[in-house]
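Please read this briefing with the sequence and the 3D structure open.

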Amino acid sequence: MRKKNAAERLRALGAKVGNGVTERTDLIVLALYETGPVPLTDKMLRTPYLDEYGLAELLERAEGLGPKAPENPPFASADDLAAAKDADDLRALLERADWGAFVPERDTVPLRERLTRLEAEAGVTDVHRTATRLLLVRHDQLRIELLHGQTHDVEIVGHALSPDGRWLVTGSWVGDDWEAGGVLQVWEVATARCVQVIRKVSGGVGWPDYRRTVQWSADSTRFAAVYQTNHIGVWDAWSAGGPPASISVSDGNSRPSPFALSPDGRSVYAHSGTNGDGGLQGCLLPVLRGDLNWLANHVDTDHPYLMARQLSDEVSEKFGQDRDADPDDHQVGEWIEDPRWSADGTRLFGSNGLCVDAGTREVVWYEPARFSRPSPDGSLVAAVTDGGLVIRDAADGSVLHGPYTLDGEPWALRWAPGPRRRLAVLTGGTAHAVHLLDDGRIVGSVDVPHNGKRDDEKWAGDAEAWAWSPDGERAACLTGETLEVWSLADPARPERLTTVPMGAQAVYWGVDDTLVLVSADRVRFVPARGGAALGDVTFLHTPAGPRPIPEDELDLFGSPLFVLDADTWAMTVDTRTVIAPPGREDDLDAALAWSVAGRHSWPLRWGEADVFPDALAAADDSPGVSTGRWLLEFSREALEEHNRRSEQDSSRWPPPRTASVEELFEIVRESARGLDVERWGFALWPRLREAARLRAGLAGGASAALELAVDITGVRDRLAACADVAVVLARTGHGDAARTAYARAEELLPEVESRSGDWRVALNPDVMAAFAAACEAIGDRRRADAWFLRAREAIDNEPNPWLDHAEILRAVVACGRDDVARDILADTDRHPAYGSGRTEVLVGFVRRGWIDLARDYQALPGWSVPYEVLEALADAGRPDLLDGWGGGRAWYIEDEVYERARRIAAEGPPARPLNPTDEDIAELTKAYAEIQETPFSRRQRPTELLAAQAAACGQLSAAVDLLRRIPETGDFNDRPAAAFQALRLALTGIRMEGVT
């Protein structure tokens, strides 16, 4: 869109368009992919930013334009389909039909219903295969995909049934890989099949245990979801899963904020931070294509998107607003809690008893409540107050009925759909029951031990224990691990119709009397009348058998893997190709279906998919015939390596102990090379220094240690690493090698000192102390004293009082200068005599044998005894010091720690790496088996922990194997951090950084 054209269209609509931001600016529009100007004024900070996509839709709405659905001639009328007497008539009809005019939303269901009747009469026929073939020919135009329902790779945290009961949306958060995002799945209730998958939702969908993070518009055409923690995304339900209209107004809230999608899906009320004026908070925003970003809480004047600033005297008093307060005084105000729209979109209701006019954005009435909920027709509001349950007139908040005192405490309010204004009140506490009201009057109750959560319980998630049928005559209720269906046609005489032994987090009543049960790892569709489930999909199961392709190839195919049984993976490759064992046609039909335009499913058994036993067979069969098979052919080398690895994985684990410490060092260096040092140097370089120190302590380690130091691209940290190496080499009796390392450090001094104006590379207390320790190591006491003094003079007590002290003391411990350590602790003018100390310093003192210094350091006020020092005392063979350490402020000490301390006192410290015991191997084997049953999206952290456990007990082959399974993502916290941890544990047994 050209700027000039956009400005002309805006002016024609009465807008004023300028090139700068003034006090009267309501909106800043950005070109695509522009981040906008840096806010130079408070006004710019307070103004919403809208991108070009959003401007286009804003103009289309105002001008009455927008995309129009193409008019297509009829494909085949429902009457003609119904009139086809047999398979021959139906085949003839389909062959002469104009498939180019096929409109999925209009034509799929009638055609599917007619073919379903034919299947019931004659089984799957050539007519089914013909119809499927003619559909698949146009798979690009009709957006046909071959889908399974197992795409969620972590627990479902949000879900919602569309108001028409035809579709369910489920959303999952993120696993180990944040960049992989979350998943939204759309399910067709009538067929119990997944018909749409939106992958890689940034930052995941919703948040564990948060309510209503997924919502539908009243017309079932749009759904909204919280994503990336605090953004609201709105998707056109049938638009091929493109990027959502995005709204961000929370000012970086660390959890999802409540919101409500309007009935037409074109507006959102969203919580934003308070602006401090004590009034009505939050904002009412248009849902526009693209991104809308705004710091609404910075606005202290009126704005078209903000709720009205002025309150009536009565409402102001109920808000607790002090109108005479100083403007600088901060008053929180009120939000529309758990917001819900009236059916006509004119009002917003809050569970806290607020009613707000959506047009004027003003409070209509406010009658505080513990929680409340409006009726579907918007005429009544049921509210639970301190005085009991009341039914209010939604127009003015006046009490029409009540207050009622019920048996038990009101927990949840559930209105039935339809015109009769029937309400179910779920009570708990002393009496679990459901009380029924018609038009505000109590008409009956059901004695049922429901699983309902309190409507005012913050962490209940999308728990729904009660679901009304569309006519309000029946209801489904979750009770314990069962589902009960009740007839309430006569509410005074409720009748239990069926009881099904199945539990869930939520139950919904969908189209065709289908009950939908949702749990964190399962979605089921069951008939309300009872009988076999129509569909049952379980997530997060991990078969014992090998996957068809390597994990790092999966993204090429979307979300292809699905489970056939406890031992077997299968995979979709493209619209026609599946990898699965032979003879599993029925299982494949139960797991897979074609999705037509993201709306409707089409049975797999009605068509002819190409099924191959493995990926190489699929690649060999007519390579290049489809995109999916071409990708398999392209990945042939990776597939062959994967097959070899799978065969190895099927053998006994852990692998034979053939790996050496050198392999751990190599993994450390490999993982470090893949990192962006501009981003990760701050974390990487200290670990490389530590690795260099560890390598210098091993036989023949001088040159290898210096190679690790040279890997550090930051000159200051490289200097420190060379100095560290010199200290270790001198301490282990390698004087010549120590002087060589010292010379390397000294060569770098002029370059570092010449850049004293750049804090990123200038000398700091850590580097000065490291060089001082190197001077001490080669016998230059005078120079060492000078550098230690220089380091101490450079100490900065902000922001962490003991950080610089700890770095200096580590160097002091390394070179054995206990006199310097005593001076530092005694010099209370230079260090704080308050606040918690640094645990690594305390452990360093103990490991060096400076017990008296350790006692003095532990005695600093303001901190407790860290458990790590007790571990260090045990490793030092000092059982005599364990009980009394810290003056009785110690932890409970486990028997194993005492036993280790006594053993080391008698036998000396063990050589490292250790030799794993039979018990160690058994524990590793058990933990590995548990990982194999863990979903891939949740395996990284357990794998990291097991690699550390293997390294600590000396099973280095297992550690190396596990480290190579951790993905290399360019993030230090993935494989690099795990590799450094494993190396430290293997050689020292210490988990803590900064001690070695």
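Is Asp-852 buried, partly exposed or exposed? Asp-852 is partly exposed, since its relative accessible area is 38%; buried means under 20% relative accessible area, exposed over 50%, and partly exposed in between, with a 1.4 Å probe and protein chains only. The model is predicted, so local features need pLDDT of at least 70 and side-chain atom pairs count only at pLDDT 80 or more, while totals for chains, interfaces and linings use all residues. Residues are numbered from 1 along each chain as its sequence is written, and side-chain values use heavy atoms, with hydrogens and water left out.

**Salt bridges**

- The whole structure holds 55 salt bridges, each being a side-chain nitrogen of Lys or Arg within 4 Å of a carboxyl oxygen of Asp or Glu.
- Arg-689 and Asp-766 form one of them, at 2.7 Å from N to O.
- Because Arg-689 lies in helix α14 (residues 677–696) and Asp-766 in helix α18 (residues 765–777), this pair ties together parts that are 77 residues apart in sequence.
- Arg-689 and Asp-766 are both buried.
- Asp-852 and Arg-822 also form a salt bridge, at 2.8 Å from N to O.
- This pair links distant parts of the chain, with Asp-852 in helix α23 and Arg-822 in helix α21, 30 residues apart.
- One network, joined by salt bridges that share partners, consists of Arg-689, Arg-693, Asp-724, Asp-766 and Arg-810.

**Helix α21**

- Helix α21 spans residues 818–826, and its residues Val-820, Ala-821, Ile-824 and Leu-825 are buried; helices are DSSP runs of H or I with at least four residues, strands are runs of E with at least two, and both are numbered from the N terminus.
- Seen down the axis of α21, the buried residues fall within an arc of 135 degrees, so they line one face of the helix; the arc is that of the directions from the helix axis to the C-beta atoms.
- These buried residues pack against α19 (781–793), α20 (803–815), α22 (839–848) and α23 (851–858).
- Asp-818 and Arg-822 meet in a salt bridge at 3.7 Å, N to O.
- Asp-818 and Arg-822 are about one helical turn apart, because four residues separate their positions in α21.
- Asp-818 is partly exposed at 27% relative accessibility, and Arg-822 is partly exposed at 34%.

**Gln-215**

- Gln-215 sits in strand β8 (residues 214–216) and is buried, at a relative accessible area of 6%.
- A polar atom of the Gln-215 side chain lies 3.1 Å from the backbone nitrogen of Leu-261.

Methods
A polar contact is a pair of N or O atoms within 3.5 Å; within protein, one must be able to donate a hydrogen and the other to accept it, and residues adjacent in sequence count only if both atoms are side-chain atoms. Contact means heavy atoms within 4.5 Å.
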